[in-house]
Amino acid sequence: MATKEIPGEDFAQLLARLKDQYGVNDSQIAAAIGVSVSTVNTWVHRKRQPRQEALHKLAARYPEFTEDQIFAAAGRKTPGPLAPEAEERLLELFRGLTAEQQADKEVELRALNERNRSALS
């Protein structure tokens with residue numbers, strides 16, 4: 001059963017709860033998700049926010065904390081699922097575009113991703 005989300009909790013606070021609940025330290029978290037200890041330390045001390053891949057890995061490795069909880073604490077919306085069939089359909093559509101259209105779509109997608117990384121909308 002997943003832990004309860006705490007409204008207004010930031011990522012450093014969520015990490016503190018995760019460490020307490022699982023009895024792990026920064027080094028163990030880093031090893032579990034494939035980042036350096038110094039990276040985890042920057043999160044703990046609110047110097048940087050984690051990348052999307054790290055958030056997904058935390059949720060997978062520490063399932064008492066849902067992706068929704070982890071992403072919310074990091075100030076982001078949880079990305080939608082992408083089934084392999086949907087990914088293939090999107091790639092096929094993308095392949096049908098001209099080089100210029102592909103470049104335009106890439107710019108648009110980067111902007112949407114940046115917006116999702118910067119804050120909850």
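Hi everyone, let me start with burial: of the 121 residues in this protein chain, 26% count as buried, where buried means under 20% relative accessible area, exposed means over 50%, and partly exposed lies in between, with a 1.4 Å probe and protein chains only. Before going on, please keep in mind that this is a predicted model, so local features need pLDDT of at least 70 and side-chain atom pairs count only at pLDDT 80 or more, while totals for chains, interfaces and linings use all residues. Residues are numbered from 1 along each chain as its sequence is written, and side-chain values use heavy atoms, with hydrogens and water left out.

Now the overall picture. The chain has 7 helices and 0 strands; these are DSSP runs numbered from the N terminus, with helices being H or I of at least four residues and strands E of at least two. Along its principal axes, the C-alpha trace spans about 50 × 30 × 30 Å. Taking contacts between residues at least 6 apart in sequence, 56% join residues at least 24 apart, a contact being heavy atoms within 4.5 Å.

Let's look at helix α4, residues 52–61. Which of its residues are buried? They are A54, L55, L58 and A59. These four cover an arc of only 135 degrees around the axis, so they sit on the same side of α4; the arc is taken from the directions from the helix axis to the C-beta atoms. On the other side of α4, E53 and A60 are exposed. The cover over the buried residues of α4 includes α1 (11–22), α2 (26–33), α3 (37–44) and α5 (67–73).

On to the aromatics. Rings of Phe, Tyr and Trp (its six-membered ring) pair if their centres lie within 6.5 Å; planes under 30 degrees apart are stacked, over 60 edge-to-face, and the rest tilted. That rule gives 3 aromatic pairs. One of them is F11 with W43, edge-to-face at 5.8 Å centre to centre and 80 degrees between the planes. F11 belongs to helix α1 and W43 to helix α3, so this pair ties together parts 32 residues apart in sequence. F11 is buried at 1% relative accessible area, and W43 is buried at 3%.

Y22 and Y62 also pair edge-to-face, at 4.9 Å centre to centre with 70 degrees between the planes. Because Y22 lies in helix α1 and Y62 in the loop between α4 and α5, the pair ties together parts 40 residues apart in sequence. Y22 is partly exposed at 27% relative accessibility, whereas Y62 is buried at 1%. Finally, Y22, Y62 and F65 form one aromatic cluster. Thanks, everyone!
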